[in-house]
Amino acid sequence: MTGNLAIIILAAGQGTRMKSRLPKVLHPIGGRPLVGHVLTTAARLEAQHIEVVVRHERDQVVAALTADYPDAVFIDQDDVPGTGRAVQVAIDALPGDFDGDVLVLSGDVPLLEVETLRGLIDGHRAAAAAATLLSARLDDPTGYGRVIRDDEGTVQRIVEQKDATADEAAVTEINAGVYVFRAPELRTYLAQVGQDNAQGEMYLTTVIELLRAADQRVAAEIAVDTASTFGINDRIQLAEAGRVLNDRIVRRWQREGVTVIDPATTWIDDDANLSPDVTILPNTHILRATVIAPGAIIGPDTTLVDCEVGENAIVRRTDATLAVIGAEATVGPFSFLRPGTVLGAKGKIGAYVETKNAEIGEGSKVPHLSYVGDATIGRGVNLGASTITANYDDVNKHRTEIGDEVHTGSHTVLVAPVRLGAGAKTAAGAVVRKDVPAGALAMSVAPQRNVEGWVEKNRAGTGAADAASRENSAE
Ligand code: UD1
Ligand code: CA
């Protein structure tokens, strides 16, 4: 954006209507706090200054945002309440000679798109207005400030719902809480704003009527996409905005060549990255910075958080966090991949398997009922059904190392720390406490001994004894 621009983002309010311990502006949609969406959009306008006004739980708000938005400057609002005061402390923190335009955004209006803001600023400059506000016509304007125009259609003032007469409340054009002001006029008229209203606050909106009374030009743009002006005050609106954002994200990926079978039950975070020819089946959540390569099939009923999925991999009914799934690997159904799971190309993690801090080599398989934690597994390995790494000795965690081409028998317990050399095998039910050399077979279960006739002798009269006698006499 050319020219002198400062952006002020209002994020000091508590958001009482959320009834939450978490400050309202930190409630997430699409994997990012509400105010994070506003900051992401603001960053794209290349302003000289970006200020975020904070007060309620200011440390928590600052901590949640500094890493992702290093260019933002946090400004503390004092005890004087209201959006007018918030803007005043922010403009006072700008260099005294700043005479450009000030774009005011609300931390709780997360869906605005950068093109809308560019249009607002361009219009403001073209009209040489002292202030330009963004409005929208809503079927239900409840809760918003109403835009009051005169007979010629010129904006006169904004009336908050709590201060509105019945006639004013019937107006359906609402103030989106997004404005461009010329800095000098904003400074001058903010200084005249009082707290004489239903909420006893310094309203930023009062500046509009002060400008009009001084015959300054106030312009308004009516947003075409009304959803983009949604302000979030309660949890119902939070869910509505989350749905609108998700619809946008899903459509974006559909345009990029992703098949989404059921958009209504598919949730994709803003930071996720998909590829052409990915297929997403119903009830699937692709969260945080998850990256999915072309041709992968994900779902149904799958949640991926910060995962990496390789080309043509298949991931069904799976819950995975911070896991890497190789190309052409298959995962699920009913698999639980915890952080540090790295499954090699063409590998398999099957039904009722939990993994954690486990590197599983190319083409290696953990097909059924296993726990694999703190393990390094080579290539071409097959862990028999119900093979378990016993990685915890009640005090410390230990590693299991498994060489290439190892096959374990069903129900093997690998008591870590332990190492199985390349090509080693274990017998069914083995409890492996000592290292197994390459190519050795490990057995730890005593040979089986059958005591004939035991049931008929010791359990006479039971169903088992009767069944046994029938089978034995038939022979
Ligand atoms: C505000 C507008 C209203 C508009 C609506 C749009 C005013 C007086 N009213 O009402 O006309 O229709 O937004 O969504 O401006 N904040 C501060 N400091 C404060 C108070 C609020 O930084 O002292 C921040 C809040 O954190 C929030 C934003 O300003 O991000 C808006 O405050 P909120 O209390 O939600 O205002 P609304 O009642 O929604
Ligand atoms: Ca609001």
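**Figure 1. Asn233 in its loop.** Asn233 is found in the loop that runs between strand 11 and helix 8 of this predicted model. Leaving aside residues up to four places away in sequence, Asn233 touches Arg17, Met18, Lys24 and Asp108. With a relative accessibility of 15%, Asn233 counts as buried, because buried means under 20% relative accessible area.

**Figure 2. Asp108 and its contacts.** Asp108 occupies the loop between strand 6 and helix 4. The residues that Asp108 touches, not counting those up to four places away in sequence, are Lys24, Val25, Phe230, Gly231, Ile232 and Asn233. With Lys24, the side chain of Asp108 makes a polar contact of 2.8 Å. The relative accessible area of Asp108 is 15%, so Asp108 is buried. Lys24 is also among the residues touched by Asn233.

**Figure 3. Protein donors of the calcium ion (ligand 2).** Asp108 (OD) and Asn233 (OD1) are the protein donors of the calcium ion, and they lie 2.3 to 2.5 Å from the ion. Asp108 comes from the loop between strand 6 and helix 4 (114–126), and Asn233 from the loop between strand 11 (218–222) and helix 8 (235–255), so the pair ties together parts that are 125 residues apart in sequence.

**Figure 4. Positions listed as "binding site" in UniProt.** The unreviewed UniProt entry lists Asp108 and Asn233 under "binding site". These positions span 126 residues in sequence, yet no two of their C-alpha atoms are more than 7.4 Å apart, so they gather at one spot. From this set, Asp108 and Asn233 belong to the lining of the largest pocket.

**Figure 5. Surroundings of Phe98.** Phe98 sits in the loop between helix 3 (83–92) and strand 6 (101–106). Residues up to four places away in sequence aside, Phe98 touches Asn4, Leu5, Ala6, His49, Ala183 and Arg187. Phe98 counts as buried because its relative accessibility is 5%.

**Figure 6. Phe98 and Lys397.** These two residues are 299 residues apart in sequence. From C-alpha to C-alpha, Phe98 and Lys397 are 59 Å apart in space.

Conventions
Residues numbered from 1 in each chain as written. Chains lettered and ligands numbered in written order. Predicted model: local features only at pLDDT ≥ 70, side-chain atom pairs only at ≥ 80, totals over all residues. Heavy atoms only, no water. Helix = DSSP H or I, 4+ residues; strand = E, 2+ residues; numbered from the N terminus. Buried < 20%, exposed > 50% of the residue type's maximum accessible area, 1.4 Å probe, protein only. Contact = heavy atoms within 4.5 Å. Donors = N, O, S within 2.8 Å, 3.2 Å for Na, K, Ca; no water. UniProt positions renumbered as here; feature names shortened; annotations may be inferred. 1 Å grid on protein atoms, 1.4 Å probe; cavity = no way out; pocket = protein on both sides within 12 Å on 5 of 7 lines; lining within 4 Å. Polar contact = N/O pair within 3.5 Å; in protein donor to acceptor, adjacent residues only side chain to side chain.
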